Amino acid sequence: NRTVGRILSHGSKGAEIGVNKAVMYEAVVMQMTWPGAPGIYYGDEAGLCGWTDPDNRRTYPWGMEDMLMIALHKELVDIRRNYSCLKTGSLEYLYNNRGVISYGRWNDDNKIAVVVNNNESQVLFSLPVWKLETGESDEFIRLVRTFNGSFDTAGVTYKAADGHIDIKMDAFSSIILAKKEG
């Protein structure tokens, strides 16, 4: 009987040393933007760690929750709720390379691009947003960016040139971009 550990599992049972929360943030971004209904195992939203059974069934960390992790979950749930394409939209891979995945979700109402860099180093590349049936020079706004165990929601604008956006991603980071309407 094989059991599965929590997302915030790590090298040895019971040791929380060396947990890379930036990787967890990437996983939550993908969980909330991928097709299908996202499921959160109790405690994951609060940063609960755990290896395999029975360690993966620890009690909720009342009073010791990771409030930044909870805030990220709330932000991403709101984004999912506000962009119908994340619930019922099409999926298109935009760019994939060693340790980097990018995909788009879109429908008649909105268009989203998601980029995850799971490398230990920064990456630079050209994101082909034209695959989302956008214009050659459309603008996208960054809804969220995760990095180094934190996140921000500064609405930075990216302008496409010839249907591409130049992307610079920090190590272990992710972004969600939404096409500006209007």
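Trainee: How many helices and strands are there in the protein?
Mentor: This is a predicted model, and that holds for everything we read from it. From the N terminus on, the elements run α-α-α-β-β-β-β-β-β-β-β-β. Counted up, the protein has three helices and nine strands.

Trainee: At what angle do helix H1 and helix H2 pack, and are they roughly parallel or antiparallel to each other?
Mentor: Helix H1 covers residues 21-33 and helix H2 covers residues 67-82, and their axes lie 9 Å apart at an angle of about 20 degrees. Angles under 35 degrees count as roughly parallel. The two helices, H1 and H2, are therefore roughly parallel.

Trainee: Is the crossing of H1 and H2 left-handed or right-handed, and how many nonpolar residues does their contact have?
Mentor: H1 passes H2 in a right-handed crossing. On the H1 side the contact includes Met-24, Tyr-25 and Val-28, and on the H2 side it includes Leu-72, His-73 and Leu-76. By class, two residues of this contact are polar and two are charged, while the number of nonpolar ones is 10.

Trainee: Which residues of strand E3 point one way and which the other, and are they buried or exposed?
Mentor: In a regular strand the side chains alternate between the two faces of the sheet. In E3, Lys-111, Ala-113, Val-115 and Asn-117 point one way, whereas Ile-112, Val-114 and Val-116 point the other way. Seven of the seven residues of E3, which spans residues 111-117, are buried, so the strand is largely enclosed by the rest of the structure. On either side of E3, then, the residues are buried.

Trainee: Which residue of E9 is the bridge partner of Asn-117?
Mentor: Asn-117 belongs to E3, and this strand pairs in the antiparallel sense with strand E2, residues 100-106, over seven bridges. E2 and E3 form a hairpin with four residues between them, and the bridge partner of Val-100 in E3 is Asn-117. E3 also pairs with strand E9, residues 173-179, in the antiparallel sense over six bridges. In E9, the bridge partner of Asn-117 is Ser-173.

Trainee: Which side chains of strand E4 are buried?
Mentor: Strand E4 covers residues 123-127, and its side chains alternate along its length.

Trainee: Which residue of E8 is the bridge partner of Ser-126?
Mentor: Strand E8, residues 165-169, runs antiparallel to E4, and five bridges join the two strands. For Ser-126, the bridge partner in E8 is Asp-166.

Trainee: Where is Ser-121, and which residues does Ser-121 touch?
Mentor: Ser-121 has its place in the loop between E3 and E4. Its relative accessible area is 43%, and it counts as partly exposed. Leaving aside residues up to four places away in sequence, Ser-121 touches Asp-170 and Ala-171.

Trainee: How far apart in space are Thr-153 and Arg-142, C-alpha to C-alpha?
Mentor: Thr-153 sits in the loop between strand E6 and strand E7, and at 41% relative accessibility Thr-153 counts as partly exposed. Not counting residues up to four places away in sequence, Thr-153 touches Glu-75, Leu-143 and Val-144. Thr-153 and Arg-142 are 11 residues apart in sequence, and the C-alpha to C-alpha distance between them in space is 7.4 Å.

How values were computed: Residues numbered from 1 in each chain as written. Predicted model: local features only at pLDDT ≥ 70, side-chain atom pairs only at ≥ 80, totals over all residues. Heavy atoms only, no water. Axes fitted to C-alpha atoms, helices over the stretch in contact; angles between N-to-C directions. Parallel < 35°, antiparallel > 145°, perpendicular 65-115°, else oblique. Left-handed = near helix turned anticlockwise from the far one by under 90°. Contact = heavy atoms within 4.5 Å. Nonpolar A, V, L, I, M, F, W, Y, C, P; charged D, E, K, R; others polar. Buried < 20%, exposed > 50% of the residue type's maximum accessible area, 1.4 Å probe, protein only. Pairing = 2+ DSSP bridges.
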